[in-house]
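Please read this report with the sequence and the model side by side.

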Amino acid sequence: MTIRTEPMTVNIGPQHPSTHGVFRLRVTFDGEEILEVEPIFGYLHRGTEKLAEERNYTQIVTLTDRLDYVSSMINNQAYCLAVEELLGVEVPQRAKYLRTLTAELQRVASHLMGIGFFLQDLGTLGTPLMYAFRSRERILDLFEMLCGARITVSYMRPGGVFFDAPVDFWPALDQFLKDFEAEYNEIQQLILENEIVMVRTRGVALLPLDLAINASVSGPSLRASGLAWDWRKMAPYDAYDRMEFDVPIATGGDNYDRFWVRIQEIHQSIRIVKQCIEQIEPGPTRADVPLVLRPPAGAEAYGRVEASKGELGFYLVSDGGISPYRMKIRSPSLMNLTVTEHLLVGWKLADMIVTLGSLDINLGEVDR
Amino acid sequence: MSCVLGPDNILHDTLLFRVIYDFVGHLLPCWLSYIVAGGVIMMLLVNGVLMGAGLFSWVERRLIGRFHNRIGPNRWGPFGMLQPMADVVKLIFKEDLTPAGADRIVFMIVPVAMLAPVVLMMAVVPFAKDTALANLNVGVLYVLAVTSITSVAIFMAGWASNNRYAMFGASRGVAILISYEVPVVMSLLGVVLVAGSMSMADVVSAQTIPFLLVQPLAFFVFFVGTSAELNRTPFDLAEAESEIIAGYHIEYSGVKFALIQAAEFGAVLTSSAVMVTLFLSGWSGPLSSYLGWVWFLMKIGVLAFVFSWVRATFPRLRIDQLLAFAWKFLLPISIINLFATALEVYFLRDGAGTLDTTDLWIMAGINFGVAFGSLLIFGTLIKEKVRPARPITGVTLSSIEVS
C-alpha cells in the first residue's frame, strides 16, 4: 500500500523567532525537506530613500542609523564618505582614526550578535548568545561615552565626527580590550570546535564562488566562499590604509565557514582597534564645513564601506539644494538574501533557519 | 474497631497508606477508609509532583540564568522562589483560546494526557523504605508503558491544533519517542537482569553498589534516551523554539499551557526519580531507614541539575542525525550491554541464582571496559567526517585576485 503524501506550504514569518526581524519565507516542504522557497520582504519598509530627499544632509545621518541597526557606526561612515566626496571635503586625521576605531568596534559588536544568533538558531538555549551580548554591551557602553547613544549613534557627521572622545574613553577602551580577550576566548572554547555545531553546519547550504560573485554577495558570506574581497583592502577609506590586518577567508562556502570567518574577523578588528589607539594623535575632529551643506548642482558621489554584512554603499545625487535629489542605498543584506533559494532547496527545515543565521541578515537594511 | 489490610493487598507494603488506613479506620467503615486513605495518598502524590514541577521550573530558570551570566527570576518571594506561582496565576487569567478548525475535544484532552503519565510514573517509585504507592512486581515495565503515553499526547496535540508548526512538532516528537523507546528498553533489560526482578523495590534492595557502576553503558543510554523523550536540548526538536516556535504546544494558552509546562518540568523530576531508583540505588544511603527520602530527593536534585546543565550547553541536532544517533549508536551499544550483562550474570551467579557484592564489583570492572570499548568503536563509526577549522589565511592587497 502506498501512502498518499502531499507537499505542505508553510509561511515562515513574518512573526517567527528566527527570521531576524520581520522577514517572510513561503516554503513548500516535503516532510522536513524544502522543495521551494520564496523570500518575501518589505514588512519593515520605512521609505528611507524617499525620506532622505526631504531631510538636509546632516539630518540624514540619523536615518542611516536605522538601516542596519546593529552596525549604525558603519552606516554613518558610508554615508559620510559619500557626502564628503560630494562636497570635496578633506577629513582631519584624528576624525579618520576615530571613525576607523568606532567602525571596527561596531563590526565586533555586529559580528558578536551574528555569531550569537547563529548559535541561537542552532538551538542553544541562549548561552553563547548571552556570552556574546556580555561583550557587546561593553562596546555599546563605550559608544554611550562617545555620543550618548548606544544603538542609534549618529556619531559621524559629514566632515568628521560629532565630538572628540572624552578623556575617560581611552582608559575604558583599554580595559575593554583587556577583558575582551578572555571573554572572547570563552565564547570560542564553548562553540568553535563543538561536535554538534560541526555536524550541523559542515557542508550544509553550500554557496559556490561563481554563484556568490554572480549574485553580488559580499562580506563574510563571500569571503567564506573563497574570495578575499574586502573594501578595506581594495579601496582603503578613512585610516585603513595605515592599518595592518589580514582578510580571513575560507574555501568551503558552507554555514560553518561563514560563521568561522566572522569569528576570525573579530580578531582582526581588535587588531585594527589597537593600532588606532597607538597611532591616533591630537587634532581637530571635524573639518570646517558650513552648518547647512549645499553640494554643487549635478554632483554625484558613491560612498562605500566594508560593513559588517558586506559592501554598503550610498549613492547621492545633488541638485544644489539642502537635501539630496536622490539617495540610493546598496544594502549588503538584501544582496546576500538573493541567494537564499539556491542555498536552501533540498535541505531541511532546521538547516534553513541556520542558513539564514549564517547569512547574518538585518531586516532594517533589507527593507530600508 | 480497626481495619486490617490483608498481606495479599497490593498496598500492604506501603507504610504511609497503612498508617492513614489504620487511623481513618477508627472513624469510618473499612471500605470508606480504604477509599479515603487512597485519596489522601493520591492528593499528596499529585500535588507533590505539581509542586515539585513548579519548584523545579524556578530552580532551572535560576540555574540557566547563572549559566547565561544573568540573575534569573528574583523578584517575587525569597530569591524569586514564588515566581512559578506568579506564572500560574498569570496563566489562569489568560484567555483560553481554541484555534479555529481545531478538534476541540482532542485539543482539550491533551494537557491532561500529558500530565497523567508524569504523575502515574511516580506511583511505583519508592521514595523511602516501604513508601512506594504500589509495589508492583512489574514496576519497570509499568514505567516504560506509562511513559509511552506521552507520544500519543504529543501527536494528539499536533493533530488537534490545526497548525502546521504543531504538525511538524508532533511528527518529530513521535519519531523521536518511538526511536528512543527501543534503546531505553534494551538498557533497562540489563538492570532487570542484574537485579533479577522487575519490581522497583527489589531493584533498590539489589543495589548493594549503585547500578551506575555495574551498568555504566545502560545508564548512559537511559540518560540520553530519557532526555530525548523529555524533549530537552540537544534533542528538543519537537518544540524547537528557533525552528518551529513551540512545536506541538504552539496553540495552547492559559491553563492548558500551564498544565503542559507543569507536565514537562514534572517529567524531568519523575524521570530523574526513575533513574535514581534504577541506577543510583534509590533511597539507600547512610541512615536510610529514617532519612531515605532525603537521599532520594538529593539524588533527584543532582540528576535534575545535570539535565539543566546539558540544556544550557548544547546546540540542537537535526532530525535525521537524531534518529541516526538512536538507531546506529544507542541501539547497538545497548544490545552490547545487554549481551555482556547476560553472559556475566550467567557465569557469576551462584546456585540460587543471586549475585553478591563481589560479583557486582567484578561486573562493574568488566562493564566499564565494555563501555569504553563500545563507545570508542561506535563513536568513531557514527562520527561524520568533519574538517577542523583551518588556520587564518593572511591576505595582503597584492595577493587579491579578481576573477
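Does B:Leu331 count as buried, partly exposed or exposed, and why? The model is a predicted one, and in it B:Leu331 lies in helix H14 of chain B. Because 19 C-beta neighbours are found inside 10 Å, B:Leu331 counts as partly exposed; a residue would need 20 or more such neighbours to be called buried. If neighbours within four places in sequence are left aside, the residues in contact with B:Leu331 are B:Val182, B:Pro183, B:Met186 and B:Ala326.

Helix H4 (residues 93-121) of chain A packs with helix H14 (residues 349-359) of chain A at an angle of about 180°, and their axes are 8 Å apart. H4(A) is therefore roughly antiparallel to H14(A). On the side of H4(A), the contact is made by A:Phe117, A:Phe118 and A:Asp121, and on the side of H14(A) by A:Ile353, A:Val354, A:Gly357 and A:Ser358.

Chain A is also divided by its domain assignment into domain 1 (1-45) and domain 2 (47-360). The centres of these two domains of chain A, taken over C-alpha atoms, are separated by 29 Å, and the contact takes twelve residues from domain 1 and 15 residues from domain 2. On the side of domain 1 of chain A that touches domain 2, the elements giving two or more residues are strand S2 (24-30) and strand S3 (33-40) of chain A, and S3(A) gives the most, with five residues.

Between the chains, 35 residues of chain B are in contact with 41 residues of chain A. The elements that give two or more residues to the side of chain B that touches chain A are helices H2 (30-67), H7 (164-195), H11 (241-244), H13 (288-313) and H14 (319-348) of chain B.

The table sets out the classes of residue in the contacts described above.

| H4(A) with H14(A) | four residues | two residues | one residue |

Conventions:
Residues numbered from 1 in each chain as written. Chains lettered and ligands numbered in written order. Predicted model: local features only at pLDDT ≥ 70, side-chain atom pairs only at ≥ 80, totals over all residues. Axes fitted to C-alpha atoms, helices over the stretch in contact; angles between N-to-C directions. Helix = DSSP H or I, 4+ residues; strand = E, 2+ residues; numbered from the N terminus. Parallel < 35°, antiparallel > 145°, perpendicular 65-115°, else oblique. Contact = placed C-beta atoms within 7 Å. Nonpolar A, V, L, I, M, F, W, Y, C, P; charged D, E, K, R; others polar. Domains from an automatic or database assignment. Buried ≥ 20, exposed ≤ 12 C-beta atoms within 10 Å, placed from the backbone.
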